[in-house]
Amino acid sequence: MKKPVIDVSGVDLTFPTNDGAVQALKNVDLQINKGDFVSFIGPSGCGKTTLLRCIAGLETPTDGQLTVNGLTPTEARKARSYGYVFQAAGLYPWRTIGGNVKLPLEIMRFSKEEQAKRVRKVLELVDLEGFEKKYPWQLSGGMQQRASIARALAFDADILLMDEPFGALDEIVRDHLNEQVLKLWARTEKTIAFVTHSIPEAVYLSTKIVVMSPRPGRITDIIESPLPKERPLEIRDSPEFIEIAHRVRDGLRAGHEG
Amino acid sequence: MRQKDTQFERIAYPVGFGLLVLVLWEIGVHLFNVSPALLPAPSAIGAAIASSAAILWGDWVQTVLKGALNGIWMGSLAGIALALVVDRFVFLKRGLMPVANFFAALPIVGLAPIMVMWFGFDWHSKAAVVAIMVFFPMLVNTLAGLSAADTMQRDLMRTYAAGHVATLMKLRIPAALPFVFTGLKISTTLALIGAIVAEYFGSPIRGMGFRITTEMGRLATDMVWAEIFISALTGTALYGLVALIEKRVTFWHPSHRG
Ligand SMILES: Nc1ncnc2c1ncn2[C@@H]1O[C@H](COP(=O)(O)OP(=O)(O)OP(=O)(O)O)[C@@H](O)[C@H]1O
Ligand SMILES: [Mg+2]
């Protein structure tokens with residue numbers, strides 16, 4: 001059997017706070033294989049962001065094992081193994097859209113021609129060609145979010161970590177972006193970890209759905225999706241789709257009561 | 001509906017108001033027969049400016065160009081440089097900042113006689129006073145600016161494995177610029193005060209502060225007011241210049257977006 005790209009076993013994380021310790025993650029086990037599209041779903045405060053940050057090496061587990069490509073998360077971060085899309089777009093206002101997308105390329109010392117080429121390519125990928133010279137505040141929220149995805153894609157890391165990238169967008173834009181993300185995933189065979197609050201979004205996108213519940217944050221169910229890789233938006237009306245959605249909802253409800 | 005002021009209105013209102021004040025002043029002086037030694041009429045001040053233009057120009061060069069401007073660039077550079085160093089080493093922030101705050105609270109013009117003793121009567125001692133006065137607001141503001149970048153923006157740099165210098169250049173210094181300009185605007189005001197007052201404690205036979213004390217001794221208040229008028233004009237122009245550069249450089253800041 002091939003080794004998983006992201007291997008989480010027995011991970012605990014406790015935040016010390018002024019009014020006692022908060023256990024954000026408890027005994028989390030999870031394997032993510034190359035090319036998986038994994039969604040994390042669960043109520044607010046169940047540790048989705050925290051788990052993603054642990055994988056990214058931005059937070060250190062208090063206990064347990066976590067490897068990314070066989071490295072510790074910090075080593076993997078230093079090796080620039082992943083692109084991270086934060087919950088908010090977080091573009092730098094003093095840089096144009098093109099400049100923001102170029103930022104990681106500058107830091108990683110790509111050549112000037114290569115930078116220009118890649119900026120053009122990823123902006124096209126997220127449907128933002130022609131906006132290269134605009135400033136972030138001149139764009140709508142959805143466009144800013146797409147630019148931040150382009151920024152995470154620019155240096156072509158194998159792993160993409162996305163924290164509720166479409167949380168603040170309306171249904172139509174969200175559908176459109178979901179389709180684009182799927183296309184991108186099919187084309188590039190990246191490994192994607194994706195946090196969401198939306199059951200349809202999770203089911204539509206994922207090969208694997210991780211259901212979490214809070215206090216303490218833990219995994220209550222992992223659902224392997226039988227849906228085909230090719231997914232038109234209409235697949236959401238199919239019986240298989242509805243069945244998985246039911247299972248996710250049941251998992252969420254059980255976590256709520258338990 | 002309230003319409004936005006046009007360029008013309010923005011200039012016309014303050015100029016018109018200023019002229020009104022001058023006219024009332026002129027009438028008041030003549031109406032109540034105020035002694036010129038107490039308060040000369042604006043026309044008398046204007047006449048003094050016209051007839052002593054060469055002297056006033058020499059004073060201006062001595063005090064503003066040599067004293068104040070040299071002090072501003074030296075003090076600002078030193079303040080910014082120390083801020084970068086203090087920011088790099090946490091123990092300096094803990095140890096040095098309370099001391100710096102103590103010095104910042106001292107009435108620094110009081111140091112003028114000492115500076116004259118150290119650096120002589122010419123502009124060097126004035127520049128030294130100005131440099132010290134400017135140093136603390138620049139240090140404090142730059143330091144505040146360097147911590148202005150938010151956590152998410154910093155985490156983004158961490159996901160790129162950006163080093164200290166790259167993080168400074170690409171994120172923290174641009175984010176600090178609005179604060180640096182606040183420091184600079186405070187500095188221009190302080191610099192003129194410092195350069196003029198420092199001349200009260202000894203100077204060659206030119207300079208705005210020198211002129212104010214000697215002409216006051218001869219009760220030639222029209223010349224005193226002429227110098228005060230010119231220093232006010234200079235202060236406004238300097239502040240305006242810094243504000244103009246600020247608007248250009250930090251065009252992306254919410255307070256400047258057009
Ligand atoms: N830096 C921190 N310090 C202390 N507690 C924290 C910190 N970060 C997260 N927590 C706590 O850990 C728990 C999990 O937080 P997390 O942000 O991972 O939730 P989430 O599932 O992403 O929620 P949401 O859906 O609202 O984004 C919460 O109880 C939160 O209060
Ligand atoms: Mg979250």
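How many residue pairs are in polar contact between chain B and chain A? In this predicted model, the count is six, taking pairs in which both residues have pLDDT 80 or more. Two salt bridges are also counted between chain B and chain A. Helix 7 (151-159) and helix 8 of chain B each bring at least two residues to the side of chain B that touches chain A. Of the helices and other parts on that side, helix 7 of chain B gives the most, with seven residues.

The wider contact between the two chains can be described in residues and in area. On the chain B side, 17 residues are in contact with 26 residues of chain A. Together the chains bury about 2,100 Å², and 69% of this lies on carbon and sulfur atoms. Thr159(B), Tyr160(B) and Lys170(B) account for 31% of the area that chain B buries against chain A, more than any other three residues.

Lys170(B) also takes part in a salt bridge, with Glu106(A) as its partner and a separation of 2.8 Å from N to O. Lys170(B) belongs to helix 8 (residues 164-199) of chain B and Glu106(A) to helix 3 (residues 97-107) of chain A, so this pair joins two chains. Lys170(B) is partly exposed, at 22% relative accessibility, and Glu106(A) is likewise partly exposed, with a relative accessible area of 21%.

Over all chains, the structure holds 18 salt bridges. One of them lies within chain A, where Arg174(A) pairs with Glu201(A) and the closest N and O atoms are 2.9 Å apart. Because Arg174(A) sits in helix 6 (residues 171-188) and Glu201(A) in helix 7 (residues 199-205) of chain A, the pair ties together parts that are 27 residues apart in sequence. Arg174(A) and Glu201(A) are both buried.

A further pair in chain A is formed by Glu59(A) and Arg53(A), whose closest N and O atoms are 2.9 Å apart. Here the two partners fall on either side of the 20% limit for a buried residue: Arg53(A) counts as buried at 16% relative accessibility, whereas Glu59(A) is partly exposed at 21%.

Finally, helix 4 (residues 90-105) of chain B, with its 16 residues, spans 23 Å from the first C-alpha to the last, close to the 22 Å expected at 1.5 Å a residue.

Conventions. Residues numbered from 1 in each chain as written. Chains lettered and ligands numbered in written order. Predicted model: local features only at pLDDT ≥ 70, side-chain atom pairs only at ≥ 80, totals over all residues. Heavy atoms only, no water. Helix = DSSP H or I, 4+ residues; strand = E, 2+ residues; numbered from the N terminus. Expected span 1.5 Å × (residues − 1). Salt bridge = Lys/Arg side-chain N within 4 Å of Asp/Glu carboxyl O. Buried < 20%, exposed > 50% of the residue type's maximum accessible area, 1.4 Å probe, protein only. Contact = heavy atoms within 4.5 Å. Buried area = accessible area lost by both parts, 1.4 Å probe. Polar contact = N/O pair within 3.5 Å; in protein donor to acceptor, adjacent residues only side chain to side chain.
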